[in-house]
Amino acid sequence: PPPKLVHVCGCDCSWLEMQRDDCKKDLCADRCRIANGIRETQFCANNVMWSPNRNFAPNDVYENGYMRCNCQWMSAKNGLGDDCSEGCSPGDCTYKCRQANPS
């Protein structure tokens, strides 16, 4: 059987099951691809191409002059350390790291 589809951070990723990827780049589409293991460049209809955003030098999160969240984990796996599988709450360091390192 195919792997179970993962939905992430309020994003409905069911369109991936239907293999209807138009390669659009937006927050939910990018998160759905990454969370479901799509980490390589893809070619879609109309010669559109999608590539994952890599982060080789992430910014850490500072609050009141002190480092609150170390975001260097994002640079792991050749810049694809964030698999979008957790950290959807604004209080989570994962969430804060994503805010400090928009793609």
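The lining of the largest pocket divides into 8 nonpolar, 7 polar and 6 charged residues. Here Asp, Glu, Lys and Arg count as charged, Ala, Val, Leu, Ile, Met, Phe, Trp, Tyr, Cys and Pro as nonpolar, and the others, Gly among them, as polar. The model is predicted: local features need pLDDT of at least 70, side-chain atom pairs count only at pLDDT 80 or more, and totals for chains, interfaces and linings use all residues. Residues are numbered from 1 along each chain as its sequence is written, and side-chain values use heavy atoms, with hydrogens and water left out.

The pocket (an open set of 1 Å grid points where a 1.4 Å probe fits, with protein on both sides within 12 Å along at least five of seven lines) is lined by residues with an atom within 4 Å of a point. The lining holds 21 residues, and Asn53, Met74, Asp82, Asn101 and Ser103 lie nearest the centre. Helices H1 (27-35) and H3 (93-100) each give two or more residues; helices are DSSP runs (H or I) of at least four residues, strands (E) of at least two, numbered from the N terminus. H1 supplies the largest share, 4 residues.

Strands E3 (residues 61-63) and E4 (residues 66-69) run antiparallel, joined by 3 bridges. Strands pair if DSSP finds at least two bridges between them. Glu63 has Tyr66 as its bridge partner in E4.
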